[in-house]
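Please look over the sequence and the structure that follow.

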Amino acid sequence: MSRTDPMMRFLGVRFDADELDLLGIEPTYISSAGIDAALASRLASVYDHPDGRSADAEMVCKLLRDAADRLRDENIRSTIIASHTVSVEQGIAPAVANVPVSSTESVPAVSMTPLQERLLTILAGSGGWNPQSRARLSSVAATEGLTPEGLMTELAALGRGMRSGLRAAPKRTASAASVASRALEPGFLERVIDEYAPELRGNDRRSILKMCLLFTGIGLLGLVLMIRFLFPELDPGMVMTSQGEVAVVGTTSSKTFGGGFDDASGGQKQVVPALSFKDVPVIEELEISQEVLDAADASAETVRQIEAYSRQLIGIQELDPAMLETWSSAVETASTGWFVTEPATAHAMRGAIQRAIDTSGANPKVFQSLQRTLAPKTPFGQLSPLDLPRGAWSAGMTSMVAMSDTTSPAVRANAVALLRIGLGQNATPSGFDAAAASWLETCIPDLVEGMETNRESETSWSLWLAGLDALSDRQVAQHAIALALESLLRTETDLSREGPSQRILGSLLVAIDWSTYPGSRSAIPDLFDDSSISSSDLWVLSSMLVRLDSTSSWFKEGLVLSPDADAVSRRLARDRLLAAWPADGGAPLQLEDMLPEEFDPALAETWLLVYGQVKSLPGGKGDIPVLRRILMDRLLQEAAVDLLSSSGQRVLSTLNEVEGLVEAALSGKTESSASSGAIPTLPGSQVDGDWSDLYREAKSKTDKFDILHALEIQSAEELGPLDASCLAGEAMTASTDIRESAQYVIERRFAESRNVVMALVDHFASMKSKPRDVSGFIESITGEQLPRTTSTQWPLQARLALVNHAIELQLGNGMAIDEIGVMFAESLQREAESLGRSSQGSLLADDAAAQLTTAWQDHLDLAVRAGGLPVGWADRRAARERMSVDRLQRCLAERIATAELINRLITAQIPSMTTRIKTLASSAARGRTEAGHVLEQLGVTERSLVEAWKARINLALESSGARDEGGGA
């Protein structure tokens with residue numbers, strides 16, 4: 001035995017080290033195959049030593065084999081691992097053999113794990129900690145199944161080990177690796193020449209044959225290297241046939257060039273690990289601000305105001321400040337809420353503004369003032385989030401004016417000048433949608449620049465996407481999204497790191513309409529040819545496409561690009577992507593999946609027309625108006641389902657029923673008087689007591705007159721108990737002028753109001769007015785002939801007339817409520833039958849609603865097998881049912897459950913509608929929270945369903961080619 005420890009001399013490990021250190025195995029990596037590999041590596045290291053055949057070497061090999069045998073025994077292995085763990089934790093080093101150790105042969109006992117070696121190689125090859133190294137480290141972590149926290153733990157351990165002398169473990173490779181390293185030792189070439197030159201210089205046949213074979217091999221090797229250098233794109237699996245054609249042959253190598261896509265031309269595939277995340281990260285659901293919701297609610301009234309404003313413009317030579325302020329307020333309302341406004345109303349708004357501009361004529365003092373208010377802002381700098389949809393609307397509206405055939409040339413020229421200020425000197429009028437999308441495109445650079453620094457970045461992107469989603473021209477909207485995607489990928493931001501940029505990238509991919517937008521087929525593959533986009537960012541992009549619902553059916557993990565792919569691999573990636581792309585460029589669920597073959601666009605247009613009539617009905621207070629509107633919305637849903645998923649035979653009859661209800665609602669209203677002056681609006685028109693509070697706070701008679709007049713022209717058909725009591729008290733007890741005004745309001749607007757008539761009965765006993773002051777008023781609203789006011793019978797007859805009138809109203813409303821409830825339940829049953837679930841006899845509303853929920857559940861399971869029911873849907877439905885205390889609440893719970901199912905079905909079949917459906921669902925949930933009564937909550941739910949079906953019908957019309965233009969959300 002030599003002076004030094006043989007184990008230290010051959011392997012750099014102390015003689016008395018435990019089995020794990022002898023074989024260089026970490027406890028976490030131990031396995032039967034790992035033990036065999038470690039033993040083979042250690043034995044190869046011994047045999048490759050210059051003294052690898054000595055007695056000491058044989059002794060070391062025997063010790064290694066014995067250590068491997070002990071580790072293979074599970075009972076002994078557990079004891080060894082426990083002892084090793086305690087030794088490492090307590091820092092106890094095994095006793096060193098009592099032999100001198102050469103200072104040149106002393107090396108640390110701790111070795112790197114294979115994973116740590118890979119991490120160190122990546123950091124060294126990438127030049128340290130930078131976006132490229134982070135992307136490659138993430139890929140390694142995905143391969144090893146490490147979480148981000150586990151990866152950071154390994155890197156921290158590597159750093160600590162390097163500071164304490166950690167070294168790379170002996171390579172577990174064949175002996176050829178050791179020979180290669182020995183070739184670099186001094187004198188190696190001389191030894192080879194001395195050993196083999198005499199044999200090669202011999203004159204016998206064997207020496208000559210060896211020389212020929214040697215130089216032939218060298219020549220072939222040089223030829224192969226020259227071909228690979230001159231033709232780097234040549235696939236080694238391709239050979240030339242005798243006819244001169246290229247043939248693909250299988251190869252035994254599974255390696256791909258540059259770590260790109262796995263080679264489908266033969267051999268084994270190498271799948272690049274995708275970036276690990278459960279779902280594609282997206283921006284959190286946008287909560288629409290109250291300012292936007294208020295503007296959307298006021299849109300219909302604003303349209304009427306603009307129409308009236310147009311009439312005032314006739315003949316005017318110059319706008320006074322009040323008129324300009326009115327115009328500015330209307331424009332602000334239109335631009336703030338247009339992207340969440342019902343499409344027909346948004347279209348009507350633009351038409352009304354166009355007509356107002358037309359009316360201004362050629363008078364520069366008028367039309368220039370109006371157009372300056374419309375002009376879009378220059379989209380430079382970090383705009384506030386709400387400025388994005390406002391600017392898009394202004395650009396679109398200005399473009400509409402510039403294209404109008406009904407506007408004077410001077411107006412059009414001024415509009416073109418304003419448009420070029422906002423969109424650039426080369427801008428040309430192109431219609432509302434194209435101009436709005438162009439303005440949003442010009443905002444992309446600043447939006448991209450502020451992704452990581454602007455606190456409101458994600459809100460801005462949400463509103464940017466919402467503005468595009470509101471455009472009816474889907475091509476221009478999708479083009480803008482593709483531009484934004486390209487700009488985002490060109491940034492230096494590390495997209496593999498969680499943050500706003502990664503979520504914005506995911507939202508852009510979700511917003512792309514993969515089923516109908518032809519540009520996606522060229523936009524995405526072209527990114528692989530763009531040298532300004534890094535491979536690591538394309539790795540993140542392709543990882544998201546694997547998880548995206550609309551592309552996961554064909555974009556498989558084998559198409560994920562490596563984060564360090566070179567230009568050749570990226571070109572191969574692009575070609576394989578185009579080969580895998582579906583022929584129609586669509587997702588597995590196409591736009592027509594839910595449309596019957598006999599879908600009738602004319603019926604769909606009729607449905608939208610009736611929907612517009614219902615939408616334009618003024619709101620009302622009380623049970624009857626609310627229930628009537630709920631029934632109309634229910635019948636519209638029934639007609640929509642019949643139109644989209646059935647034969648459509650009952651659509652017209654159902655729509656006729658809705659029109660009858662609309663006519664009945666309109667016939668019960670009297671025309672409100674118009675007045676020129678400013679009329680105070682009622683705050684919270686659906687909240688009882690707001691009007692009475694406002695009235696009591698009035699400081700003068702003039703204010704009271706105005707507030708009474710505002711009540712006269714409001715759209716409600718019923719007053720709540722608090723407001724009714726205040727109004728009735730003024731009609732029965734106030735001074736002459738106020739009393740007469742209150743009586744006039746009741747006669748014109750609330751003669752059929754149950755609450756107002758009951759309040760008159762209550763106030764009759766405390767009436768301070770003389771009989772002659774109220775007798776005619778009571779006769780007018782009750783229709784009864786009263787005795788003379790000087791008669792002793794007058795008080796009795798007058799109060800009796802009011803009581804009888806109140807009873808008639810109560811009975812009439814009760815009968816109407818029952819009738820509406822029956823019609824509502826029948827509609828639910830008919831829809832359930834159209835979906836294949838019928839029942840015997842008539843059901844009450846709550847039972848019919850439960851039946852329809854079950855029908856939609858069955859339909860969803862059949863139509864969307866891959867997605868299934870919404871997450872937690874069954875639990876939410878059961879919880880609402882347990883909390884319901886009466887049939888009305890149970891009906892509401894079932895309708896909410898049905899709404900969730902329908903929303904899930906529409907978004908699964910048409911991913912491009914996801915944002916719109918989520919917005920509707922969010923607004924409905926917020927509306928139910930703010931509603932003061934269960935009937936109002938039911939109304940909010942039914943309206944959200946109608947809006948969802950309306951959006952679906954609009955999209956069906958566009959896909960069928962029956963519609964060229966639209967508007968709104």
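## Surface and basis of the model

The accessible surface of the protein chain comes to about 47300 Å², and carbon and sulfur atoms account for 55% of that surface; such areas are computed by the Shrake-Rupley method with a 1.4 Å probe, and for residues only the protein chains shown count as cover.

This is a predicted model, in which local features need pLDDT of at least 70 and side-chain atom pairs count only at pLDDT 80 or more, while totals for chains, interfaces and linings use all residues. Residues are numbered from 1 along each chain as its sequence is written, and side-chain values use heavy atoms, with hydrogens and water left out.

## Overall fold

The protein chain holds 41 helices and two strands, where helices (H or I, at least four residues) and strands (E, at least two) are DSSP runs numbered from the N terminus. Of its 969 residues, 47% are buried; buried means under 20% relative accessible area, exposed over 50%, and partly exposed in between, with a 1.4 Å probe and protein chains only.

Among the contacts in the protein chain with a separation of 6 or more, 72% are between residues 24 or more positions apart, a contact being heavy atoms within 4.5 Å.

## Enclosed spaces

A search of the whole structure finds eight cavities of 30 Å³ or more, and the largest cavity holds about 100 Å³ of space. A cavity is a set of points, on a 1 Å grid over the protein atoms alone, where a 1.4 Å probe fits but cannot get out, and its lining residues have an atom within 4 Å of a point. Grid points are joined across faces, edges and corners, and a volume is the space filled by probe spheres set on the points.

The residues lining the largest cavity include Leu465, Asp469, Arg474, Val510, Pro911 and Thr914, and the elements that give two or more residues to this lining are helix 21 (457-469), helix 22 (474-489), helix 23 (500-511) and helix 40 (914-930). The lining divides into six nonpolar, four polar and two charged residues, where Ala, Val, Leu, Ile, Met, Phe, Trp, Tyr, Cys and Pro count as nonpolar, Asp, Glu, Lys and Arg as charged, and the others, Gly among them, as polar.

## Cysteines

The search of the whole structure finds zero disulfides, a disulfide being a pair of cysteine sulfur atoms within 2.5 Å. Cys726 counts as buried at 8% relative accessibility, and Cys891 is likewise buried, at 3%.

## Buried arginines

Arg895 lies in helix 39 (residues 887-909) and is buried, with a relative accessible area of 0%. Leaving aside neighbours within four places in sequence, Arg895 is in contact with residues including Arg634, Gln637, Phe824, Leu852 and Glu942; Leu852 is 43 residues from Arg895 in sequence and 8.7 Å from it in space, C-alpha to C-alpha.

Arg754 has its place in helix 34 (residues 754-764) and is buried as well, with a relative accessible area of 14%. Arg754 and Ile807 are 53 residues apart in sequence and 8.6 Å apart in space, C-alpha to C-alpha.

Val292, found in helix 12 (residues 290-297), is buried with a relative accessible area of 2%. Beyond neighbours within four places in sequence, Val292 is in contact with Thr336, Gly337, Phe339, Val340 and Leu386.

In helix 16 (residues 364-374), the buried residues are Val366, Phe367, Ser369, Leu370, Gln371 and Leu374. What covers these buried residues includes helix 13 (299-313), helix 14 (321-337), helix 15 (343-359), helix 17 (387-403) and helix 18 (409-423).

How values were computed: 1 Å grid on protein atoms, 1.4 Å probe; cavity = no way out; pocket = protein on both sides within 12 Å on 5 of 7 lines; lining within 4 Å.
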